Amino acid sequence: MKILIGITGCIALYKVAELVSSLRKSGNELKIVMTQSAEKLVSKDLFSAVGNCEVYSDSNAFEIKNGFIPHTELSKWPDVFVVAPATANTIAKIAHGIADNLLTMVCLAHDGNKKLLVPAMNYRMYENAATQANLQILRDRGWWILEPSVGHLACGEFGKGRYPENELVREAIEILNSEKPLKDMKLLITAGPTWESIDPVRIISNRSSGKMGYELAKMAVRLGATVTLISGPTNLSVPHFVNEFIRVESAQQMFDAVTKKFDQMDAVIMAAAVADYTPIDISKSKIKKDSDELNIPLKKTIDILKYLGERKKDKILVGFAVETDSLEEYAKEKMVKKNLDMIIANKAEAMGNDQNNVIIFKRDGIVKRVGPDEKGRIALAILSELAELWNRS
Ligand code: CTP
C-alpha cells in the first residue's frame, strides 16, 4: 500500500519513527512530508532512514523538477494519507483551507477518502472549543479522527491529548485500505473457552485461546462489518475498533448474551469452544480432598448454535467443528444438524496455536481448504466466504 505521512511539530513525533519503521517492514511504500516545526524537533534524515523513503519539507515546496510539482503530485500519490501527530495549528489550517506550507498545500489538493488524522497536544488545547469545532469540520469532510488517549503529556500535565498506541494507528490504516464486502452487516462473533465452576476456586474448561475468534473480529471490522464480540475468558487484548465487546464466563452466560443480541444480527459466527457439560451443583465452599476419588456429576449445557439454528430465519449462521477424528464427516453432519450455512472444520491440535489449517464447508456443497497459515489469514479466507453468502442473500 502507498502511504503518505504528514508529520507536524508535536513532541510525540518521536513515536512516529516507530510507526514509519513498522509500516516499511510490512512492505508498504512510504512518502513523508514534514512541517517546519517538525523539522525543528527531528531531522528529515531520521525518517528517511527508518522509512527508506523520500521526506519532503517546506524547502521542497517549489522545487519543480521535470514537471513534478510537489504538492499536487504528492496529493495524488497515496492509497492512504495519514497526518500523525497532528497539532492544533495544522488541524485548524486544514479545516479552514489554509495552505501556507507543503503539508497543508498537500491536504488542500488531496481529494481521496482514505485519510486519517492523529491529533496529539496538551489536553486544554485539545478540549478547546476551537479545536473541537475544527475536528468536527474535518470529520464531516471524511477525515477519520483517531481520538488521543488519556495520560501523562509531554508538558507534565495529565489529560486527553496523548498520541495513541501505534498499533491503533496501523490498524486504522488497514481498515481504511480494505475493501468492504461486509458493509452494513451486523455480525456477532463468539470466541474463547467457557469456564464452568466446580467450587469457588476450581473450573472445568478447555484449551481454546480465543485467537481464532479474535482474529475473525479484527478482520471483520476491516471488511466493514459492525462487530459484537462475545468472549469467554482469554488473555488476549480486545481487538481495536470492534463496536461492542461483552465478556462472559460460563456457557449459560454465553447463551444469555448471544440470545439477547441475536435478533439485531445479520450473521453469527460461533467460534467459541463452549463447554458441552457443566457441574449440576456448584459447591459453595472449596471442596476438600477428603476422599481418594471425586465424582462430579455433570449436566449438558444448551447447544447455543443449535438453538440459533432453529430460529435463524434468513440470518447467516457459521459454526466451528473441532475434532480429533473423522473431521470432514462430523463437520458436515454438524452443519446439517445445527442448520448452519457454513462450518469450519479444524483439528483439535490447532487450539491455542497461532496457526490453523481448516476446511470450510458451505451448505451448497462448496468445500475450501485453507492453510496451514496464520489465524489472521485464515480469518480473512473464512470472511470472504461469508461475504459471498452475504452478497448472495
Ligand atoms: N457450540 C454451541 N454450544 C454448545 C457447544 C458447542 O454453540 N453448548 C458450538 C460451538 O461454538 C461450535 C459448534 O457448536 O461452533 C461445534 O462445537 P463442537 O463442540 O465441536 O460440537 P458439538 O456439537 O458440541 O458436538 P461434539 O462435542 O459431540 O463433537
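Is serine 326 buried, exposed or partly exposed? Serine 326 is partly exposed, with a relative accessible area of 38%, where buried means under 20% relative accessible area, exposed over 50% and partly exposed in between, computed with a 1.4 Å probe on protein chains only. This is a predicted model, in which local features need pLDDT of at least 70 and side-chain atom pairs count only at pLDDT 80 or more, whereas totals for chains, interfaces and linings use all residues. Residues are numbered from 1 along each chain as its sequence is written, and side-chain values use heavy atoms, with hydrogens and water left out.

**Backbone features**

Serine 326 lies in the loop between β17 and α13 (327-337); here helices (H or I, at least four residues) and strands (E, at least two) are DSSP runs, numbered from the N terminus. The phi of serine 326 is near 40 degrees, a positive value in a residue other than glycine. Lysine 313, which is not a glycine either, has a positive phi of about 50 degrees and is placed in the loop between α12 (304-309) and β17 (316-323). With 76% relative accessibility, lysine 313 counts as exposed. Most residues other than glycine have a negative phi, and most peptide bonds are trans.

The bond from alanine 84 to proline 85 is cis, with omega near -10 degrees, and proline 85 is found in strand β4 (residues 80-86). Glycine 371 and proline 372 are likewise joined by a cis peptide bond, with omega about 5 degrees, and proline 372 has its place in strand β20 (residues 367-374).

**Helix α1**

Helix α1 (residues 13-25) has 13 residues and reaches 19 Å from its first C-alpha to its last, close to the 18 Å expected at 1.5 Å a residue; the expected span is 1.5 Å times one less than the number of residues. Among the buried residues of α1 are Leu13, Val16, Leu19 and Leu23, and Lys15 is also one of them. Just after α1, glycine 27 takes a positive phi of about 90 degrees.

**Aromatic pairs and charges over rings**

A search of the whole structure finds 5 aromatic pairs, a pair being rings of Phe, Tyr and Trp (its six-membered ring) whose centres lie within 6.5 Å, with planes under 30 degrees apart counted as stacked, over 60 as edge-to-face and the rest as tilted. Two of the pairs are set out below.

| Pair | Arrangement | Centre to centre | Angle between planes |
|---|---|---|---|
| Tyrosine 56 and phenylalanine 68 | stacked | 6.4 Å | 20 degrees |
| Tryptophan 144 and phenylalanine 241 | edge-to-face | 5.1 Å | 65 degrees |

Tyrosine 56 lies in strand β3 (residues 54-56) and phenylalanine 68 in the loop between β3 and α4 (70-76), so this pair ties together parts that are 12 residues apart in sequence. Tyrosine 56 is buried at 9% relative accessibility, whereas phenylalanine 68 is partly exposed at 29%. Tryptophan 144 lies in strand β6 (residues 143-145) and phenylalanine 241 in the loop between β12 (226-231) and β13 (244-247), so their pair ties together parts that are 97 residues apart in sequence. Tryptophan 144 is partly exposed at 23%, and phenylalanine 241 is partly exposed at 26%.

Arginine 124 lies over the face of tyrosine 123, at 5.4 Å from the ring centre, and lysine 315 lies over the face of phenylalanine 262, at 5.2 Å from the ring centre. A charge sits over a ring if NZ of Lys or CZ of Arg is within 6 Å of the ring centre and within 35 degrees of the ring normal.
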